[in-house]
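Here is a report on one protein chain. Please keep the sequence and the 3D view open while reading.

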Amino acid sequence: MNVKLSLLAAACALALAACSDNSSAPTASESAPAPAATAAPAIAPAMMAPAPAATAAGGAAAPAATPGMDTSKGAAVVTDCATEIDGTDAMQYNVSAIVVPSSCKDFKITLKHTGTMPVTAMGHDVVITKQSDMQAVDADGMAAGAAAGYVKADDARIIAHTSLIGGGETTSVSFPVSKIQGDGPYVFFCSFPGHSALMKGTISVQ
């Protein structure tokens, strides 16, 4: 009997121990919500996603700043079928386009050399050709030399041109507008050797 009682007592002790282990389990499971709570903050960064989207939308406004395409030189001012443009010692025209009114029969371009360097060092002119002819006309003008004002004589590809001038001088040329209403596009440039790389622009009729 004593043996049975001992076994029964041992069994009860084991059962109580098991119960006490189970009672501690809930405390372990109660700690589980803590990771869930830490997971919640992880959603907060996700909510921040709209912020980059907003900056992306703001970035779309950047193209408006695309005036980085050198709009510092605009179109020439035209009055009474005539315009005046400047050439400088920095090897620049002050405009990059000339728009001729379609109502004009003839058009006059006046070039002022606002620099001080002599024609032999920094001469400027205005030569008008088709864009497709510009390179060849420029090369032939260079071959013609300074005595010819860097313009080949009787070149049929040249629509009009001024004389070559130095600092402080002014020159002009007039031509029929019909000559730049054919197959274009048309350009104006300086024929002094090396200048056409920077001194050039478009001329059109509107």
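## Terms and basis

Buried means a relative accessible area under 20%, exposed means over 50%, and partly exposed lies in between (1.4 Å probe, protein chains only). Helices (H or I, at least four residues) and strands (E, at least two) are DSSP runs, numbered from the N terminus.

This is a predicted model; local features need pLDDT of at least 70, side-chain atom pairs count only at pLDDT 80 or more, and totals for chains, interfaces and linings use all residues. Residues are numbered from 1 along each chain as its sequence is written, and side-chain values use heavy atoms, with hydrogens and water left out.

## Overall layout

The protein chain has five helices and eight strands. Along the sequence they follow the pattern α-α-α-β-β-β-α-β-α-β-β-β-β. Of the 206 residues, 28% count as buried.

The accessible surface comes to about 12,000 Å² (Shrake-Rupley method, 1.4 Å probe). Carbon and sulfur atoms hold 64% of that surface. Contact means heavy atoms within 4.5 Å. Among contacts with a separation of 6 or more, 70% join residues 24 or more positions apart.

Two strands pair if DSSP finds at least two bridges between them.

β1 and β3 (residues 106–113) pair in the parallel sense over six bridges. Asp-86 stands opposite Lys-112 in β3. In a regular strand the side chains alternate between the two faces of the sheet. β1 has a covered face with Thr-83, Ile-85 and Gly-87. Its uncovered face has Ala-82, Glu-84 and Asp-86.

## The five-strand sheet

A second topic is the sheet with the order β2-β8-β7-β4-β5. This open sheet of five strands also shows mixed pairing. β2 and β5 are its edge strands, and each pairs on one side only. β4 and β7 pair in the antiparallel sense over four bridges. The bridge partner of Thr-129 in β7 is Val-187.

## Helix α5

Which residues of α5 (residues 134–144) are buried? They are Met-134, Val-137, Asp-138 and Gly-141. They cover an arc of only 100 degrees around the axis, so they sit on the same side of α5. The arc is that of the directions from the helix axis to the C-beta atoms.

The buried residues of α5 pack against β4 (127–130), β7 (186–189) and β8 (200–205). The face turned away from this buried side carries the exposed residues Gln-135 and Ala-143. Just after α5, Gly-145 takes a positive phi of about 90 degrees.

## Nonpolar cores

A nonpolar core is a set of buried Ala, Val, Leu, Ile, Met, Phe, Trp, Tyr and Cys residues joined through side-chain atoms within 4.5 Å. The largest one has 27 residues. Those with the most contacts inside it are Ile-85, Ile-109, Ile-128, Phe-175, Phe-188 and Ile-203. β2 (97–100), β3, β6 and β7 each supply at least two residues of this core. The largest share, three residues, comes from β3. Apart from this core lies another, of seven residues, among them Val-127, Ile-158, Val-187 and Phe-189.

What does Ile-203 contact, leaving aside neighbours within four places in sequence? Its partners include Ile-98, Val-100, Ile-109, Ile-128 and Phe-175. Ile-180, Tyr-186, Val-187 and Phe-188 are also in contact with Ile-203.

## Loops and backbone details

Gly-168 lies in the loop between β5 (160–161) and β6. Gly-168 is exposed, with a relative accessible area of 62%. Not counting residues up to four places away in sequence, Gly-168 touches His-113 and Gly-115. The C-alpha atoms of Gly-168 and Thr-88 are separated by 9.8 Å, though 80 residues apart along the chain.

A cis peptide bond joins Gly-184 and Pro-185, with omega about -5 degrees. Pro-185 is in the loop between β6 and β7. Cys-81, in the loop between α3 (50–59) and β1, has a positive phi near 60 degrees. Cys-81 is partly exposed, with a relative accessible area of 26%. Met-91, in the loop between β1 and β2, has a positive phi near 60 degrees.
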